[in-house]
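Good morning, and thank you for coming. Please look at the sequence and the structure together as I speak.

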Amino acid sequence: MGAGGHHQLYRPGGTVVHRLAPQCKLPAVAAFAVVVVATPREAFWAFGVYALLLAAVAAVARVPAGFLLRRMVIELPFVLFAFLLPVIGLGERVDVLGLSLSAEGLWAAWNILAKATLGVVASILLAATTEPRMMLLGAQRLRLPPLLVQIAMFMLRYMDVILDEMRRMRVARESRGFVARDVRHLPALAKSAGAMFIRSYERGERVHLAMLSRGYSGSMPVIDDLAAPLGSWVTAALLPTAALATAVLSWSLT
Amino acid sequence: MTPTPPSLRVSELAYAYPDGTQALFGVDITIGAGERVALLGPNGAGKTTLVMHLNGILTAGHGTVEVAGLPVRKDTMKEIRRRVGLVFQDPDDQLFMPTVREDVAFGPANLGMRGPELEERVTEALELVGLPGIADRPPHHLSFGQRRRVAVATVLAMRPEILVLDEPSSNLDPASRRELAEVLRSLDVTVLMVTHDLPYAMELCERSLILSDGVIAADGATREILADPELLAKHRLELPFGFVAGMR
């Protein structure tokens, strides 16, 4: 459980970005990501403009750089993969600091790094300014597949319950002298994971019964209907619109 | 003028699970409006199976269940589930929405309520269980006792005819246990309480039933049933050490 009960990705605040309706922010971030991906990789300056746009959003939302950087760790596996590309890439080679690297690989690595980083930062900003619950209400409002929204909602609700159960199982294992040190201990851990799965499955069945008992008939009733004023849509559209203008310019220049 | 039908009438209810295990062998229960009744029985007596029949989650193999005169059938299911408020043993199973308010609103919203009317139901139900002002908290941040009371509120919001509680006192500390008892006593609703906590039955219910091996083995005043050690022992029920029935 995150400190103070808030989700670790969320940073409470009351800025314009925080107050925007989630159903406006979600498509704005998605559109921004699509525009970034559609930008030709040779247009270095365009990526600079995107980064500046995100920095502006972060400044308005009062999200400090350190907060963003720590959460960007999630991108690491992609970074490692991107660094491999110039080494294993084929085609024309160039010498960089005494290493013979593939030119095509370098371009591919830059392409992945730049676009993934911008997408990750945009998502972190979205998560930092939108409570997880609001995100789901926004998704519901956008008429995303209701079953998927419900699954995400239950995950959010039961994450802590399941983590707590896992912690109790670990305490029970360790109370009987079990400490996982090497591969030979994997079977015991695998059995715990299996037991965990069955317990969660059974809980799912009980929750379903509780839902049926209160008149559930396949679809979640809309309890909080968040209507977004037109102004909210216009404000949210600023980011993707500015990005799109940049992209159009970059296409016409290349 | 027709007399008010009983809140619950179960007649000759029998049920076997799909694997052939017979759980109920002809159960007859009548509970009048406004009564508070305890359903006692050891583990495995069929208590949970019986409860699942009361709102149509399981359908009777034989016999009938009527709630305030309305038989439990496929076409009456929606109204039956409004009339029967089932409170499950583990509040984490019962409270599945992200906030208390949404959870309490879930039932009435399924009945088609929206807006201020729905808001009013939520406020009313939370006040009935003595927890106004926690509407916007997520359920997992509440104490266990509070969660149990919110679970009661989620069904009270549907204004049920009968409240059915599965082991309401389990895992509660003494103070939470007393607070829940105060809430239950203050409600103007028929209550069926499934439990093997005999002192709790004594405290809250004038009448008790013993369900044992799939039949009703005893039906009478709680005070008398608990004062009959032979009857209790026969059905694997025991008073806690030092407890004397009738002494209050």
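**Two chains in a predicted model**

Let me begin with chain A, whose domain assignment gives domain 1 (16–138 + 226–253) and domain 2 (144–213). Such domain bounds come from an automatic or database domain assignment. The C-alpha centres of domain 1 and domain 2 of chain A are 34 Å apart.

A word on conventions. Residues are numbered from 1 along each chain as its sequence is written, while chains are lettered from A and ligands numbered from 1 in the order in which they are written. This is a predicted model, in which local features need pLDDT of at least 70 and side-chain atom pairs count only at pLDDT 80 or more, whereas totals for chains, interfaces and linings use all residues.

Chain A contains 10 helices and two strands. Helices (H or I, at least four residues) and strands (E, at least two) are DSSP runs, numbered from the N terminus. Along the sequence of chain A the pattern reads α-α-α-α-α-β-β-α-α-α-α-α. The radius of gyration of chain A is 23 Å, well over the 18 Å that the globule rule gives for 254 residues, so chain A is more spread out than a compact globule. That radius is taken over C-alpha atoms, and the globule rule is 2.2 Å times the number of residues to the power 0.38. Taken along the principal axes, the C-alpha atoms of chain A fill a box of roughly 60 × 55 × 30 Å.

How much of chain A is buried? Buried residues account for 25% of its 254 residues. A residue is called buried if 20 or more other C-beta atoms lie within 10 Å of its own, exposed if 12 or fewer, and partly exposed in between, with C-beta atoms placed from the backbone.

A:W233 has its place in helix α10 (residues 230–253) of chain A, and A:W233 is partly exposed, with 15 other C-beta atoms within 10 Å. Leaving aside neighbours within four places in sequence, A:W233 is in contact with A:C24 and A:A228. Here, contact requires that the C-beta atoms of two residues, placed from the backbone, lie within 7 Å. A:W233 and A:C24 are 209 residues apart along the chain, yet their C-alpha atoms are separated by 5.5 Å.

Where do the two chains meet? In total, 21 residues of chain A are in contact with 25 residues of chain B. On the side of chain A that touches chain B, α8 (146–175) and α9 (186–213) each supply at least two residues. The largest share of that side, eight residues, comes from α9(A). By class, the side has 12 nonpolar, three polar and six charged residues. In this scheme Ala, Val, Leu, Ile, Met, Phe, Trp, Tyr, Cys and Pro count as nonpolar, Asp, Glu, Lys and Arg as charged, and the others, Gly among them, as polar.

I turn now to the cores. In soluble globular proteins, nonpolar side chains tend to be buried together. A nonpolar core is a set of buried Ala, Val, Leu, Ile, Met, Phe, Trp, Tyr and Cys residues joined through C-beta atoms within 7 Å. The largest nonpolar core has 75 residues, and among those that touch the most other members are B:L39, B:V87 and B:M193. Helix α6 (residues 144–156) of chain B gives the largest share of this core, six residues. A second, separate core of 30 residues includes A:V35, A:V36, A:L126 and A:A128.

Helix α4 (residues 100–110) of chain B is mostly covered, as 11 of its 11 residues are buried. Those buried residues of α4(B) pack against α5 (115–128) and α6 of chain B. After α4(B) comes B:G112, whose phi is positive, near 100 degrees.

Finally, the strands of chain B. An open sheet of four strands in chain B has the order β2-β1-β4-β5, with antiparallel pairing. β2 and β5 (70–71) of chain B stand at the edges, each with a single partner strand, so one side of each is left without a neighbour in the sheet. Two strands pair if DSSP finds at least two bridges between them. Seven bridges join β1 (residues 8–16) of chain B to β2 (residues 22–31) of chain B, and B:V10 has B:I29 as its bridge partner in β2(B). Their hairpin has five residues between the strands, and B:G20 in this hairpin takes a positive phi near 100 degrees.
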